[in-house]
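Look at the sequence and the structure below.

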Amino acid sequence: MTQSTSTWLYRHPASKLSADGRRISFGADYNPEQWPREVWDEDIRLMKQANVDVVSIAIFSWARLQPAEDRWDFDWLDELMDLLAEAGIGADLATATASPPAWLVTEHPEVLPVTENGTVLSPGGRQHWRPTSPVFRKHALTLVRTLAERYGDHPALVAWHVNNELGCHNLYDYSDDAARAFRSWLQRRYGSVDRLNRSWSTDFWSQRYEDFEQVLPPRTAASFPNPAQQLDFHRFSSDALKQHFIAERDVLRSVTPEVPVTTNFMVMGENKGMNYADWAGELDFVANDHYRQPVANSQEELSFSAATTSSVAQGRPWFLMEHSTSAVNWQPINRPKRSGELQRDSLAHVAHGADAVCYFQWRQSAGGAEKYHSAMVPHAGEDSRLYRSVMELGETLRRLDPVAGSRRQPAQVAVLMDWESWWASELDSHPTEDLRYRPELFAWWLALLDLGVRADVVQSHQDFSDYEMVIAPVLHVVPTPLKERLEHYVDSGGHLVTTFFSGTVDEDDRVWLGGYPGALRELLGVRVEEFAPLYRDESVMLDDGSVGQLWSEPIDCVDGTEVLRRYRGGELDGRAAITRREHGSGSATYVSTKLDHAGLSAILSELVRYTGVAIETPASLLGRVEITRRTGEGGDFLFVINRTDEALDISEFGGEALIGANQDSTILDPRGVAVLRVS
Ligand code: GAL
C-alpha cells in the first residue's frame, strides 16, 4: 500500500502497558468528574477486576479544567492520573477541546457554528465551535499546551486523544470565518479566479466571479447551489477539521514528541464528511468508534466498517476507541444487545485489525443526555449480567494477546472506496436522488461474504495492483491519474468490476464527454447515451431472473465486448445489462443496474470462477460464518465469526484454538467467535 503522507508512524500505546508491547488493550471513555470521589475507588477496583488497562479521560472536561479564562483547576485530574498510574491503567488523555465552556462562548459568541440557512447554533449540547474560528483555535491550543506541559511526563499517560470525533456535530459551518477560510483554501487550490471559474463551470447561470472575495460557502440559495462549489466545500470542510487536528497535534508533539497522538474516527454507516483516507497519515495510530447501525445486516455493516478502518490504517493494527456494550440512546428505538453480541461485536473488530477494544463508556451516567446509553458498569451496578459479560470479555482478550501487533492478511479481492465519489455521487440535481454510495459498496461486500470470499476495502489512492479482482461500485469521480491506474491494473492482468454512474465526471465534477461511463468507456468497451433511472416502485428483470432497481441503461457494446446478462422485458428488452471486456489476461466488467442480492451473488460466483479467486469458507458454513486472517510475529491467526444464532461445527478449519473452540469440542457457540492459530 502506498502511504498518503510521509509522516506515518505506527506507535501503539500498549507498548507502554506490557513488557513486549503485545497486548489487546481493553477499556473505555471514563468520566469520573460526573461522580463523587468515593466512586472513583470503586471504579478502579472494578477496572482491575475486569482487566481494563486503558481509559480515555477528560474528553468533555474543559469547563472543569478551566472554569474561567484566568482560572485553572487540575487537582481532580492530578489525583485521577495518579490513581490510574498506581493501578497500572494507562490514560489516553484527551485534549478536552471538544466542548467549549460557557465562559468562552459567552465572551466569544463568534465561535459558534452557523448552519447553511444562517442559524447560529447555541451552546447547551456539545461541539458548538467553528472549525475555522481563530478565537476558538487560540483558546483550544492554550488548553492543549497547558495539559501537555502538566501531564507530559506523567507515568499514566500512554497517548493523546485530540478533541473527540472531530466533525461529529460541527462538520459543515457556513459562518463568516468559514467563508474567509474557504476563500483562502480555494486560492491555494486554484491560484487564480479564472481557474476557479473554469473548474466550477461558472458560465452556467451567470455565476462568474471576478475576485475570490465574492465567493461564499454554499449557503442556502434560491435554487441548486453550484455542484463543484459543493464538492469543494466537502473537501474544504474535511480539510478544515484535519487542520484543527494537526494544530493540536503539533502543540502536543512540540512538548511531548515521544507520546503517540490520535483522534477517534467515525468510520460507520453514512458518515461521509471526514475523508479519513486523507487524514490517517497525520495520526500516530488510527482509532475508530463504531456503533451498530440501525440497518439490515448490522453485524455485517460492523465488519465492513472495521475492514474500512483497516484500509484507512493502511493495514496496520488500529484502536477501537468506542463501541457500546449494549443499547445506545440516539436511535429512534434503542434495543439492548442479545446474549453473545457484546463479545462478538468486539472480537469482530479485532478480527479486522483492532488491537484495542474500548467502549463508550465506563460507568453509565446518572444524568445528562446519555444516561440511557449502556456502559461497562450499568445503572444496575456490579451485580449485573452486563458487568459479568464485560469481565468475561476482559479475560478473553488476555488470551488473544499473541494476536496483538499482527496485520490483517490481505485478501484477493477488494472493494474500492473513493471518498470524492461518495461526496459527488450524492449531490443534488442528479438522474436520481435515491442513490446512496456506501450502501452500494456494502451490497457487494455482503454478497462476497455470503459467497465465502474474503475481501478487503481499498482506498482509491492506495495501490490495488496486487488484488486479483477490484470491485469499484459507483466510482463516479475519475480524474485522469485514476483512469490511468485502472487501465494499467487491467492491462497487467487485474479484473475490474464497476457499475452504473462510474467514470462519469472528473475532479471538477465536469462530465467526461463522448458517452458514459466517460473515463472508463474504452476500458469497459461500452457506451451509454442516456441514463434510465427507475422510479421507487419500478424494477427491471435480467435474463438470469435477477432483479435490478434504482438504475438501468441502454448499453451499446463495441466489438469484442461480451454480454454476460441482458435485460428481459420492458424498454430495454434484449439490451446488454452486464458486460465484460478482456484485455490481455485482465478484464473489465460493467454492471448497469443495482442488482438484488441474488443477482449480485450470481454474477460474483461467475466472476470468482473466472478470476480464480479462492473461496475460503467450507461449503457447509457458507453464509453462516465470516472469516478473517491476521499474521504477525505471534503466528498466523484465523478468526471464525458465527453470524448465526445456531451452534456450528468448525472442525474443518483445524488449528489450535486460542478462544472459541478447543480440541474436545469444535463447536462454535451461537454468535460466537473462534480464533485459531493456524501456523
Ligand atoms: C460518540 C461520542 C461519545 C458518546 C457516544 C454515544 O459519538 O464520541 O462521547 O456520545 O457517541 O454513542
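Asp92 has Ala159 of strand β4 as its bridge partner. Strands, like helices, are DSSP runs numbered from the N terminus: a strand (E) has at least two residues, a helix (H or I) at least four. The model is predicted, so local features need pLDDT of at least 70 and side-chain atom pairs pLDDT 80 or more, while totals for chains, interfaces and linings use all residues. Residues are numbered from 1 along each chain as its sequence is written, and side-chain values use heavy atoms, without hydrogens and water.

Strand β4 covers residues 157-161 and pairs with β3 in the parallel sense over 4 bridges. Two strands count as paired if DSSP finds at least two bridges between them. Strand β2 (residues 54-57) also pairs with β3, in the parallel sense and over 4 bridges. There, Ser56 stands opposite Asp92.

Buried means under 20% relative accessible area, exposed over 50%, and partly exposed in between, with a 1.4 Å probe and protein chains only. Gly90, Asp92 and Ala94 point one way from β3, and Ala91 and Leu93 point the other way.

Phe639 has Val675 in β28 as its bridge partner.

Helix α17 (residues 597-611) contains Ser601. Ser601 is buried, because its relative accessible area is 17%.
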